[in-house]
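Q: I'm new to this one and would like to go through it step by step. Could you show it to me before I start asking?

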Amino acid sequence: MSDRPDLFLSVPRSEFDTPGRSSGLLDVFRWHYLLRLLIRTGVTTRYRNSVLGWGWSYVRPAAQFLVFWVVFGAFLDLNRGVPNYAIYLFSGIIVINLFSEAFKNATTSVVSNAALVRKVYLPRQLFAVSAAIVALVHFLPQLALLLVVVAFLGWLAHVSILGILAILAGVLVVTLFALGLGLLFGAVNVRFRDAENIVELLLLLATWASPVLYFWTMVQVHVPDWLLRLYLLNPITQAVELFHYAFWYPITDAGPSLPLPPDLGINTLWTLLISVATILIGQTVFRRLEGRFAQDL
């Protein structure tokens with residue numbers, strides 16, 4: 001080998017020369033086979049050795065709905081102030097459930113897969129993306145239940161293209177927003193486990209910071225216009241209102257006392273941009289911190 005000092009210099013460099021080099025979220029598409037495996041594992045193991053199995057996807061939101069409906073609909077009499085309050089309430093609850101599961105699971109995804117992170121190289125963003133997609137899969141039974149209920153109330157006779165687009169836009173906005181926050185807090189959580197507790201607090205506030213249990217005009221009468229605009233630009237608030245527009249308004253004669261939020265279409269575009277910006281910020285922080293994941297775990 002000493003006689004041929006240029007032997008290895010003539011070997012072309014390849015992508016394997018620098019192990020662990022990441023292209024960020026772009027690697028999710030390159031490693032799509034592993035993403036499918038993580039999603040399948042997340043979906044199949046959640047209810048393993050469970051008697052009800054996938055039935056829990058219906059039982060838990062149903063129990064949550066009943067508690068809120070009894071407390072706010074019956075005891076606080078919101079059932080009279082908001083027509084078809086049960087549909088109004090449930091269409092907001094399933095959006096919050098989607099956000100909560102995607103955000104929480106994405107935050108803990110890297111720590112939960114510490115064994116893989118320590119032993120082999122793979123794009124760590126896969127864990128957060130798969131967690132968000134698994135949450136979306138678990139959201140589908142709740143959406144199906146809502147569709148069945150509103151269908152019995154005559155929703156099919158009033159369904160429109162705009163309504164379908166509102167459903168898709170609501171799901172997209174809240175999923176992207178949860179993924180962006182999950183990347184951000186998931187990266188921080190590897191070093192500082194306090195991030196999980198912060199996420200729990202944020203999820204506690206999420207239900208109350210969006211018009212799930214109350215109507216948006218109740219906020220309007222108590223805050224200045226600039227704060228109301230910020231409130232309506234909350235991606236979770238926008239997703240909830242899109243679901244109200246798609247499911248609740250078609251079967252409810254709300255009248256002028258319960259109007260749609262102003263600039264619903266424009267705000268949808270703004271909140272979509274906010275969600276994308278959140279992903280960019282989360283991805284930037286994630287890539288800056290992922291180099292120490294193996295050591296910190």
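Q: How many helices and strands are there in the protein chain?
A: The protein chain has 14 helices and 0 strands, where helices (H or I, at least four residues) and strands (E, at least two) are DSSP runs numbered from the N terminus. This is a predicted model, in which local features need pLDDT of at least 70 and side-chain atom pairs count only at pLDDT 80 or more, while totals for chains, interfaces and linings use all residues. Residues are numbered from 1 along each chain as its sequence is written, and side-chain values use heavy atoms, with hydrogens and water left out.

Q: What percentage of the residues count as buried?
A: Of the 297 residues in the protein chain, 46% count as buried; buried means under 20% relative accessible area, exposed means over 50%, and partly exposed lies in between (1.4 Å probe, protein chains only).

Q: Which residues touch the most other members of the largest nonpolar core?
A: They are Leu89, Phe99, Phe103, Phe243, Phe247 and Trp248, in a core of 82 residues. Helix H5 (residues 85–112) gives the largest share of this core, with 16 residues. A nonpolar core here is a set of buried Ala, Val, Leu, Ile, Met, Phe, Trp, Tyr and Cys residues joined through side-chain atoms within 4.5 Å.

Q: And Phe103, what does it touch?
A: Leaving out residues up to four places away in sequence, Phe103 touches Ala178, Leu181, Gly182, Phe185, Val199, Leu202 and Leu203, a contact being heavy atoms within 4.5 Å.

Q: Which side chain has a polar atom 2.8 Å from the backbone oxygen of Phe103?
A: That is the side chain of Thr107, a residue that is also placed in helix H5. A polar contact is a pair of N or O atoms within 3.5 Å; within protein, one must be able to donate a hydrogen and the other to accept it, and residues adjacent in sequence count only if both atoms are side-chain atoms.

Q: Is Thr107 buried or exposed?
A: Thr107 is buried, with a relative accessible area of 0%, and it touches Gly182, Phe185, Gly186, Asn189 and Val199 when residues up to four places away in sequence are not counted.

Q: Switching to charges, how many salt bridges does the structure hold?
A: The structure holds 1 salt bridge, which is defined as a side-chain nitrogen of Lys or Arg within 4 Å of a carboxyl oxygen of Asp or Glu. Lys104 forms it with Glu200, and their closest N and O atoms are 3.2 Å apart. Lys104 lies in helix H5 and Glu200 in helix H9 (residues 194–208), so the pair ties together parts that are 96 residues apart in sequence.

Q: How accessible are Lys104 and Glu200?
A: Lys104 is partly exposed at 37% relative accessible area, and Glu200 also counts as partly exposed, at 38%.

Q: Now the loops: where is Leu153, and what does it contact?
A: Leu153 is in the loop between helix H7 (125–152) and H8, and apart from neighbours within four places in sequence it is in contact with Ile87 and Ile251. Leu153 and Ile251 are 98 residues apart in sequence, yet 6.8 Å apart in space, C-alpha to C-alpha.

Q: Last one, which residue has a positive phi although it is not a glycine?
A: That is Asp263, with a phi of about 55 degrees; Asp263 sits in the loop between helix H12 (235–248) and helix H13 (264–289), and at 53% relative accessibility it counts as exposed.
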